[in-house]
Amino acid sequence: MLPSIWKAFLEYHEEHSQKNPILLSLLKQTHLLEITDTQVTIACVNPGMSTFFEKRIEQIELSLSAYFKKSMRPIFVVKSSERKREEPLLKYEPSLDDLFSRAGLLPKYRFDNFAVSSSNNVAFAAAQAVSQNPGDSYNPLFFYGGVGIGKTHLAQAVGRAILEKSGEKRVYFCPGDRFTNELIESIQNKTTQKFRRKYRYLDIFIIDDVQFIAGKQTIQEEFFNTFNTVVSAGGQIILTSDRPPHEIKNLEDRLRSRFSGGLIVDLQPPDFELRAAILLIKAKEKNIPIQMDAVKIIAEQISDTRALEGTLLSLYAKTVGKKEEIDLEDVDSYFKGSVEKKSIKTSPSDIIHAVCSYYNIKQTTIKNPGRSDVVALPRQVIMYLLRKELHMKFDEIARLLKKKDHTTVMYGCNKISSQCMKNPNFKEEIDRIIQSLKQ
């Protein structure tokens with residue numbers, strides 16, 4: 001039945017549409033896979049043919065709607081016919097780089113150059129699971145955390161892995177502000193149908209910094225419908241944000257509910273070990289020789305992952321042509337000139353005294369094994385400040401505070417660092433304590 005319907009349509013198209021011999025010739029090499037009340041699924045013999053039709057989709061849609069006497073949307077999929085065909089006229093196979101570029105993916109974001117540690121291993125595992133089974137594992141997959149901790153890297157790595165496995169998948173990475181701007185332009189130019197065709201028929205839709213759509217009613221409504229269309233068709237949604245769904249202000253409840261319906265993963269700020277690993281990866285990518293001892297010093301001094309690369313490049317610029325590799329002497333010289341000196345009160349006892357005074361607790365309770373909130377938070381703040389201000393090692397802090405092992409200190413430091421990024425009021429508290437040390 002489907003072949004006879006398609007044959008009748010092609011005859012109608014040839015008689016009533018604008019004369020385009022190439023389009024007609026290629027349409028005759030397709031076959032009908034499925035027809036519903038609103039859309040027609042058309043099989044193409046290769047991706048090049050599908051690309052050709054996508055660029056002329058409005059003309060084909062008009063012809064289909066006229067023939068069926070109702071609005072009919074064409075969907076093109078790559079699938080060879082069961083019967084033998086002649087070699088198609090158009091045989092264009094885009095390269096992987098073309099596919100990545102078209103999808104908005106950058107070459108530098110891959111799984112193999114993503115440094116993994118305890119602060120992001122859950123997010124990494126979830127991303128890999130989605131890349132293996134998009135639409136099935138976690139949908140949506142929601143990454144959140146501060147700036148420069150790898151959200152965009154992981155999200156794009158998923159899209160890249162999927163395209164490497166199947167170049168026919170329609171993958172698109174879109175920053176939240178671009179989605180907003182494109183929708184506004186489409187409304188102004190009366191091209192909303194074209195906008196919807198671009199986004200609603202994706203297999204993998206990755207939207208970065210989704211918090212930017214909050215507070216804009218029309219944008220949120222369009223995104224809600226796009227979200228539902230993609231997921232209903234078996235597509236995968238991946239979202240990144242600087243905060244979890246329940247903390248995004250002015251976000252519609254129905255979107256908040258959709259965002260919370262999959263897996264939500266918190267990416268923590270990188271610890272010392274992860275920063276060192278990131279630095280080694282960057283050095284290898286850029287062919288910059290650097291001693292391991294120098295790497296450790298940089299990782300101790302620099303907590304922001306994006307600043308790590310900048311520091312590495314600055315050091316390389318100072319040493320290139322003079323030395324074979326960046327060493328401890330170069331790093332010491334660099335930080336002497338660029339890092340602000342600590343003020344008078346820099347001893348561990350000064351930090352313990354300042355924190356206990358701020359939270360109005362006795363210093364003796366800090367080293368007791370108690371876990372009540374009254375003591376636990378100030379103790380974690382002390383751990384964080386000993387690490388941040390004095391660059392003490394985790395095991396040194398553990399011994400000072402009479403903790404059994406350094407993992408407790410790592411957890412406490414990461415927790416306070418994360419709270420500083422999420423809660424401006426809490427960050428102000430920490431800043432006031434630091435300021436009291438410098439008076």
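1. A pocket here is an open set of points on a 1 Å grid over the protein atoms alone, with protein on both sides within 12 Å along at least five of seven lines. Its volume is the space filled by probe spheres set on the points, joined across faces, edges and corners. The largest pocket holds about 1600 Å³.

2. The model is predicted: local features need pLDDT of at least 70, side-chain atom pairs count only at pLDDT 80 or more, and totals for chains, interfaces and linings use all residues. Residues are numbered from 1 along each chain as its sequence is written, and side-chain values use heavy atoms, without hydrogens and water.

3. The largest pocket has 45 lining residues (an atom within 4 Å of a point). E54, R170, K198, Y201 and L202 lie nearest its centre. The lining divides into 19 nonpolar, 11 polar and 15 charged residues (Asp, Glu, Lys and Arg count as charged; Ala, Val, Leu, Ile, Met, Phe, Trp, Tyr, Cys and Pro as nonpolar; the others, Gly among them, as polar).

4. Several elements supply at least two lining residues each, among them α3 (47-54), α8 (176-188) and α9 (192-200) (DSSP runs numbered from the N terminus: helices H or I, at least four residues; strands E, at least two). Strand β3 gives the most, with six.

5. Five strands form an open sheet in the order β5-β6-β7-β4-β8, paired in parallel (pairing takes at least two DSSP bridges). β5 (171-175) and β8 (263-266) are the edges; each has a single partner strand, so one side of each lacks a neighbour in the sheet.

6. Within this sheet, four bridges join β6 (204-208) to β7 (236-241). I206 stands opposite I238 in β7.

Technical notes. 1 Å grid on protein atoms, 1.4 Å probe; cavity = no way out; pocket = protein on both sides within 12 Å on 5 of 7 lines; lining within 4 Å.
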